Amino acid sequence: MRAHARARFGDVPWALLGHSMGSVIALHDLASSGARPAAVVLSGATGKVGALLRIGQGLIQVELRRIGTRGRSKLLNATAFGTYNRAFRPNRTEFDWLSRDPAQVDAYVHDPLCGFCRPPRCGATSSAARPACRPPIS
């Protein structure tokens, strides 16, 4: 992504933004890539994850081996997104947590490029973060 942006915009200062699981990806990227953005914004960071993250990473790796590169996994979906809708009961869809606007939720549900998790195609640098690329479908 950085190489693409540099090719398009030149060597200008850039910022790294990560929200929720994206904050974990951003921290992993900073620690592993040597990248030095002009600014870093972490929003909704998950805080300390320690052993829980390592357990999750192991679970995700086992499941990825099981389902392959094109598989879909209810386990990965539940791990990544299973609790999001609880705060929005009663639920109209599995994606009510995405927006307070029902029209936006419906647009998301009906968009063929949304609503699924395909971990190996997300491009995330952290194997633990890959399932977070797209919410699940049932």
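Visitor: In which strand is L42 found?

Guide: Helices (H or I, at least four residues) and strands (E, at least two) are DSSP runs, numbered from the N terminus. L42 is found in strand 2. This is a predicted model, in which local features need pLDDT of at least 70, side-chain atom pairs count only at pLDDT 80 or more, and totals for chains, interfaces and linings use all residues. Residues are numbered from 1 along each chain as its sequence is written, and side-chain values use heavy atoms, with hydrogens and water left out.

Visitor: Which residue is the bridge partner of L42?

Guide: Two strands pair if DSSP finds at least two bridges between them. Here, strand 1 (residues 15–19) and strand 2 (residues 39–43) run parallel and are joined by five bridges. L42 has G18 as its bridge partner.

Visitor: Is L42 buried, partly exposed or exposed?

Guide: Buried means under 20% relative accessible area, exposed over 50%, and partly exposed in between (1.4 Å probe, protein chains only). L42 counts as partly exposed, at 36% relative accessibility.

Visitor: How many salt bridges does a search of the whole structure find?

Guide: A salt bridge is a side-chain nitrogen of Lys or Arg within 4 Å of a carboxyl oxygen of Asp or Glu. The search finds three. One of them joins R2 and D29, whose closest N and O atoms are 2.7 Å apart. Because R2 lies in helix 1 (residues 2–9) and D29 in helix 2, this pair ties together parts that are 27 residues apart in sequence. R2 is partly exposed, at 28%, whereas D29 is buried, at 9%.
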